[in-house]
Every structure is written in C-alpha cells, then in structure tokens.
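Take a look at the model shown here.

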Amino acid sequence: MTEILRPWALPGPATFVARMCSLADRQKVAVLHAPFAAQAVAEALEGHIAREGRYGVLRVQQCPQEQFQHSLATNTGLSSGLSSAALATSTTLRHCAIVVCWRGGPDRSLASFSRVVAQQPPGEGPILLVVSEDGGCVLEGHSLEPVRDVFGPLDGAAYAAALPRGSRPLEARLVYSVAIEVAAWDVALLDRLTALPPAQAVRPDLHIDAWDYGELERWRGLSPTWETGCVDYWGGERTEHALWVAANRPNALAKRVWRGQLAMLLPWIEQYRQAIIEHEKRNLRPDNRSGPDVESLDWGPLAYQLDRIPVMKRLAQAFREARNELAHGRPILWSHIRICIDSARAWRN
C-alpha cells in the first residue's frame, strides 16, 4: 500500500526543512520568517529533527508578558531563576533542539540565550530555531531566512501520485487536480480541499465557507504581499493565496477551478469520444461539420446519429455539454460530472 505523503514531507518543503535544520546544526541558531502557516513550519522542523534522532526536540510557545527564559525554564522543569546564559549551558539542554514560534522583536532573554548558544562549539550545547511570524525577531549575527517559494507544482503532482487508489479513482483524480490548482503553494490548504465532499471539492469556488480558516475577511481589500502571507511563488510565478483571490478577484478563483477540471476531464472526455466511435463505427457516417471521416465526429453529430440508442444518447449529450462548458472556460458542477460518470458506466456495463 502506498504511503500518503503529508504536505511538509513533499519534495520541495522537505528539502527546505532539511536545509534549515542543517543551517541550525552548523550555526547553532537559525531564524525563519514565516508570515504564513508558522505553526506548520515549526512542526515540520520538529518532525525532521526528531526523525534524525541527533537532538531531543523542545517546543517553546511565546507567552504574553513572559520572558523567554521563564517560558523555557517552565518547559524544561529548570529553575525560573536561572539566567539565559545558565540555561544555554545547562546539561539538561545539552543535546536539545529548541523550536520557538515568535511575534515581534526578541526580548532580552531570547537575544542573550541565542548569543550564548551560538558561541558554543559545533556539536556541544543546544541548537535554536526561531520561526518569526512577522519578521521582527532579528537576532545578532543571524539573517532572517524567508519561508518562500517552498512548494511547487511538482510537489502537487507527487502528492496526488502517492494517494491511495480507491474504488472511484476518476473522482479522486479530479478532486486532487482541482485542489492542487486552487491551493497552489499552501500545502495545508491542499489537505483541506481534498477532504471536502466531492460536490464541494470539484467547485470550491462555490463553497468557500467550507475551507476558509479566517483569512478571507482579513485579506479583503488588502494589497497582496509576501509579508502579509497572502502571496508566494509557485512554479516560478508570483501567485496569490486562494482565499485572497476569493476575497478580491472571485472570477480568478473560478479560473483556477476550471484549470484543475480541464487538466483531468478533457482527456477523459476525448477518450470516451474515441471509444464510442470505435464501438459504433458501423452505425456512424461522416459529417461535413466535423470532418471527412467517422473518426472526426464530434459529440453533437454523435448524439444525433446515436439518438435511437437511449444509453448512447444520454452519454453523448452529457459529454457534449460538459466539453462545451470547459471549452468556453467555465468550470462545471459536480451534478453534471456525476451524470457523465454514471452515463459512461451504464454504457460500459
């Protein structure tokens, strides 16, 4: 059975995470700027470090009105009276990777802790990875590493290829194709979209409430920037987040859905056109509108010439309408896709 790839285990994200962990291992401290999905980034870092097994992993949450050293001491069971320097050199944290999600500038204890950690020789003491949501955590001697251009179209293809083959693979491939096109670089949204019921998953532009996690209203009217978390690069192109598009350019979201449907459905529709012509060749005749031979017959002439066979008529009409909608740049509803699928199965049986 094929194992399902989790989003941050995809090739692009996994390579980035491994590189950031290697940077922290070499320099003792790494600071990442992740304006979008900071918690997911922190979890991916933790997972990679845990799998390598060289360090124990400790997550420290930023607590309002509390100094970093107190939060760290609380998480480790050490005395809250210890200084940042004492914590950085304590035997408890000697082989520990400390992952911190942070907003705003570093407090004095975090800055002091990072300096002492960085001064220790490689392989000794802890390492520190800070995921800065707003880019404000600037630590002396360490540049901000942007979490940018991490996930690409090939990652989406790898995700779809690794999904298990169910009893209805056509529907599944369609859902994945739409989800990859809509989610683009947001690996967490990819999971959210593929988990929707098919009626919503193939037309997510009509069911935004089912996958909006609070960003749509926040981004409405906002100029898209990477720093606000609503734009990144995907496949080498600047690409806005699907929820920003839904809030500001809904027609463009429908086009993403259409591209996802087109990539999957058009070859499938053409496959059935050729199969029907091959099966019914003796009952068909050329049509000047389509071309000089039977193999050129389009769905309209096929529906007309096979009118006497009810199952063939239903199939040809359903596929013709679906093809025409897609050919004119319009995504189609699940109800129409369902008719096409059922008609095709009835004909095969």
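## Terms and basis

Residues are sorted into classes: Ala, Val, Leu, Ile, Met, Phe, Trp, Tyr, Cys and Pro count as nonpolar, Asp, Glu, Lys and Arg as charged, and the others, Gly among them, as polar. This is a predicted model, where local features need pLDDT of at least 70, side-chain atom pairs count only at pLDDT 80 or more, and totals for chains, interfaces and linings use all residues. Residues are numbered from 1 along each chain as its sequence is written, and side-chain values use heavy atoms, with hydrogens and water left out.

## Confidence

pLDDT is the predictor's confidence in each residue, from 0 to 100. The protein chain has an average pLDDT of 89. A score of at least 70 is reached by 96% of the residues.

Helices (H or I, at least four residues) and strands (E, at least two) are DSSP runs, numbered from the N terminus. Among these elements of the protein chain, strand 1 has the highest mean pLDDT, 97. Helix 6 has the lowest, 80.

## The largest cavity

On a 1 Å grid over the protein atoms alone, a cavity is a set of points where a 1.4 Å probe fits but cannot get out, and a pocket is an open set with protein on both sides within 12 Å along at least five of seven lines; lining residues have an atom within 4 Å of a point. Grid points are joined across faces, edges and corners, and a volume is the space filled by probe spheres set on the points.

A search of the whole structure turns up one cavity of 30 Å³ or more. The volume of the largest cavity is about 190 Å³. Its lining has 17 residues, and W8, F36, V147, W185 and D232 lie nearest its centre. By class, the lining of the largest cavity holds 14 nonpolar residues, one polar and two charged.

## The largest pocket

The largest pocket has a volume of about 260 Å³. It is lined by 14 residues, and R6, W8, A9, E43 and A44 are the closest to its centre. Nine of the lining residues are nonpolar, two polar and three charged.

Which helix gives the most to this lining? Helix 2 does, with six residues. Helix 1 (11-27), helix 2 and helix 8 (187-194) each supply at least two.

## Helix 6

D155, G156, Y159 and A162 of helix 6 are buried (under 20% relative accessible area; exposed is over 50%, partly exposed in between; 1.4 Å probe, protein chains only). Seen down the helix axis, these buried residues fall within an arc of 135°, so they line one face of helix 6. The arc is that of the directions from the helix axis to the C-beta atoms. The buried residues pack against helix 1, helix 7 (169-183) and helix 8, with contact meaning heavy atoms within 4.5 Å.

## Single residues

Most residues other than glycine have a negative phi. A37 is not a glycine, yet its phi is positive, about 60°. A37 sits in the loop between strand 1 (29-33) and helix 2 (38-52). It is partly exposed, at 32% relative accessible area. D149 also has a positive phi, near 55°. D149 lies in the loop between strand 5 (144-146) and helix 6 (153-162), and is partly exposed at 45%.

R320 belongs to helix 14 (residues 310-327). With 40% relative accessibility, R320 is partly exposed. Leaving aside residues up to four places away in sequence, R320 touches W299 and G300. R320 and R273 are 47 residues apart in sequence but 9.6 Å apart in space, C-alpha to C-alpha.
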